[in-house]
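Visitor: I would like to learn how to read the features of a model like this one. Please take them one at a time, with the general idea before the case.

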Amino acid sequence: MTSTLALHGGTAALADVPALPRWPQGGQEEEQALVDVLRSGAWGSTHGEVVRNFEGEFAQFQQTKHAVALANGTLALAASLRATGVGVGDEVIVPPYTFIATASAALFVGAIPVFADVDEHTHLLDPAATEAAITERTKAIIPVHLAGNVADMDAFQAIGERHQVAIIEDAAQAVGAQWQGRGVGALGDVGTFSFQTSKNLSAGEGGIVTTDDDALAAALYSLVNVGRVPGGGWYQHDSVGYNLRLTEFQAAILRVQLRQLPELQRQRAANDALLRDLLSDVEGVQIATPDPRVTSHGHHLFIFRVPELGSQGKRDAAVEALAAEGVPGASPGYVPLHRNEAVANESRALAERLGQPLPQAACPSADRVSSDTIWLPQFSLLGSDEQTEAIATAITKVAGATDAL
Ligand SMILES: Cc1ncc(COP(=O)(O)O)c(C=O)c1O
């Protein structure tokens with residue numbers, strides 16, 4: 001194999017291996033489950049039992065007492081904030097290195113997202129930075145289990161108790177992840193998950209909120225079901241709620257995929273280990289070792305940093321070079337949210353309207369990691385050893401060709 005980059009006419013590192021598996025995947029079992037719902041005539045969860053069954057199975061899988069399914073992970077966060085009593089003028093501490101929904105959910109309920117920096121090695125919300133950002137208006141903290149890795153939940157539980165603020169785990173990327181043997185979503189007051197197309201458990205769209213708290217579960221049920229109460233009448237609306245219901249079709253797919261998940265996670269874990277091993281001696285490539293308390297990693301993304309690419313402003317060119325080598329789905333990752341104009345403008349307007357200060361912390365680690373991070377999606381970890389080795393070759397080639405980019 002020539003070491004000339006495929007971008008410059010060399011042979012692509014993945015030229016001789018079969019294409020990686022596509023995502024999402026659906027087979028006969030999903031097809032049958034969809035047909036069963038179609039024929040049942042009960043397409044909505046108000047008339048069928050598929051969503052309810054999925055909720056029970058998911059709660060058991062993540063080791064929580066309750067799970068309330070809903071339309072997506074964005075609204076799962078907004079509903080969780082409402083359920084935990086967060087509202088107009090409150091502050092919600094979020095990491096800047098995450099999907100925009102973590103911050104926009106706060107704005108949806110009239111609260112102000114306040115950024116606390118991430119840990120430079122793990123990309124996860126830093127507990128010390130979080131505690132430093134707490135004010136008398138702080139009502140909730142949203143640690144994000146980015147990439148399937150788990151935020152330091154011992155620290156966040158302690159901060160939650162010390163300051164009497166709600167801890168909402170954004171576990172959109174972390175289905176199957178565990179912290180000291182406990183499922184994520186069972187560690188904070190509530191946990192939120194996403195079943196959008198790219199996720200390890202997917203129905204195209206969808207989400208779920210988990211909690212051990214009976215009162216929070218009932219509040220979430222009402223928020224999802226136009227203010228109805230569990231076991232109450234059809235026109236009994238004891239509170240003002242949205243309609244955020246998941247359909248029976250989505251739940252039918254999710255029930256099948258939940259059964260398939262453990263085997264797929266096993267494959268992702270094995271390929272993650274192989275890729276780490278193959279890249280361990282590659283100069284300039286940094287891959288964080290998860291905290292040993294992460295007893296099960298969600299393997300949603302394979303994240304690595306190449307600081308030299310960042311300092312030379314060549315990270316995006318490297319992502320292009322990886323695509324040319326045949327690596328599917330390589331991404332430059334997030335623009336950090338403390339740099340997002342839309343979030344900043346809306347937060348400023350809200351703060352002005354309420355006559356409140358707008359807290360603004362510097363987030364240098366988020367700035368640094370967002371300049372030199374590259375990630376691969378979870379389906380990159382579903383190939384054979386040969387395919388995984390070819391991905392490692394591609395990364396090695398590109399990381400070693402910084403000057404040529
Ligand atoms: C960290 C994080 N939070 C929230 C969401 C929002 O989920 P959804 O796309 O289902 O609204 C996503 C995923 O897209 C995510 O990655």
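Visitor: Which residues does Ala79 touch, not counting residues up to four places away in sequence?

Guide: This is a predicted model, and contacts are read from C-beta atoms placed from the backbone. Leaving out residues up to four places away in sequence, Ala79 touches Leu70, Val209, Leu220, Leu223, Val224 and Leu244.

Visitor: Which residues touch the most other members of the largest nonpolar core?

Guide: That core has 118 residues, and Val68, Leu70, Ala79, Leu81, Val92 and Leu220 touch the most other members.

Visitor: Which strands does H3 lie across?

Guide: H3 lies across S1, S2, S4, strand S5 (166-170), strand S8 (190-194) and strand S9 (207-211). Its direction is at about 165° to that of S8.

Visitor: In what order do the seven strands of the open sheet come?

Guide: Strands of a sheet pair through backbone hydrogen bonds, in either a parallel or an antiparallel sense. Here the order is S1-S9-S8-S5-S4-S2-S3, and the pairing is mixed. At the edges are strand S1 (66-70) and strand S3 (112-115), each pairing on one side only. From one strand to the next, the twist averages 25°.

Visitor: How do I see the mixed pairing in particular strands?

Guide: Take two pairs. Strand S2 (residues 91-94) and strand S4 (residues 138-141) run parallel and are joined by three bridges; Glu91 stands opposite Thr138 in S4. S1 and S9, in contrast, pair in the antiparallel sense over five bridges, with Val68 opposite Val209 in S9.

Visitor: Which way do the residues of S1 point?

Guide: In a regular strand, side chains alternate between the two faces of the sheet. In S1, His66, Val68 and Leu70 point one way, while Ala67 and Ala69 point the other way. Five of the five residues of S1 are buried, so the strand is largely enclosed by the rest of the structure.

Visitor: What is the order of the open sheet of three strands?

Guide: The order is S7-S6-S10, with antiparallel pairing. Strand S7 (182-183) and strand S10 (294-296) stand at the edges with a single partner strand each, so one side of each has no neighbour in the sheet. Strand S6 (residues 178-179) is joined to S7 by two bridges in the antiparallel sense, and the bridge partner of Trp179 in S7 is Arg182.

Visitor: How should I read the backbone angles?

Guide: Most residues other than glycine have a negative phi, and most peptide bonds are trans. A cis peptide bond joins Trp23 and Pro24, with omega about 0°; Pro24 lies in the segment before helix H1 (28-40). His123 is not a glycine, yet its phi is positive, about 70°. Val226 also has a positive phi, near 40°.

Visitor: Where are His123 and Val226 found?

Guide: His123 is in the loop between S3 and helix H5 (127-132). Val226 is in the loop between helix H7 (214-224) and helix H8 (248-279).

Visitor: Is each of them buried or partly exposed?

Guide: The cut-off for buried is 20 or more other C-beta atoms within 10 Å. His123 counts as buried because it has 26 C-beta neighbours inside 10 Å. Val226, with 16 other C-beta atoms within 10 Å, is partly exposed. Arg52, in helix H2 (residues 50-62), is likewise partly exposed, with 13 C-beta neighbours inside 10 Å.

Visitor: Which residues of helix H12 are buried, and what covers them?

Guide: In H12 (residues 364-372), Ser365, Ala366, Val369, Ser370, Ser371 and Asp372 are buried. Their cover includes strand S11 (301-305), helix H9 (307-311), helix H10 (315-324) and strand S12 (373-377).

Visitor: Which residues come nearest to the ligand?

Guide: A ligand shell can be read by residue, by element and by residue class. Of the 14 residues around the ligand, Asn72, Gly73, Thr74, Ala172 and Ser194 come nearest. Helix H3 (73-83) and helix H4 (101-108) are the elements that give two or more residues to the shell. By class, the shell has four nonpolar, nine polar and one charged residue.

Terms used. Residues numbered from 1 in each chain as written. Predicted model: local features only at pLDDT ≥ 70, side-chain atom pairs only at ≥ 80, totals over all residues. Near = placed C-beta within 6 Å. Helix = DSSP H or I, 4+ residues; strand = E, 2+ residues; numbered from the N terminus. Nonpolar A, V, L, I, M, F, W, Y, C, P; charged D, E, K, R; others polar. Core = buried A, V, L, I, M, F, W, Y, C linked by C-beta atoms within 7 Å. Buried ≥ 20, exposed ≤ 12 C-beta atoms within 10 Å, placed from the backbone. Contact = placed C-beta atoms within 7 Å. Pairing = 2+ DSSP bridges. Axes fitted to C-alpha atoms, helices over the stretch in contact; angles between N-to-C directions.
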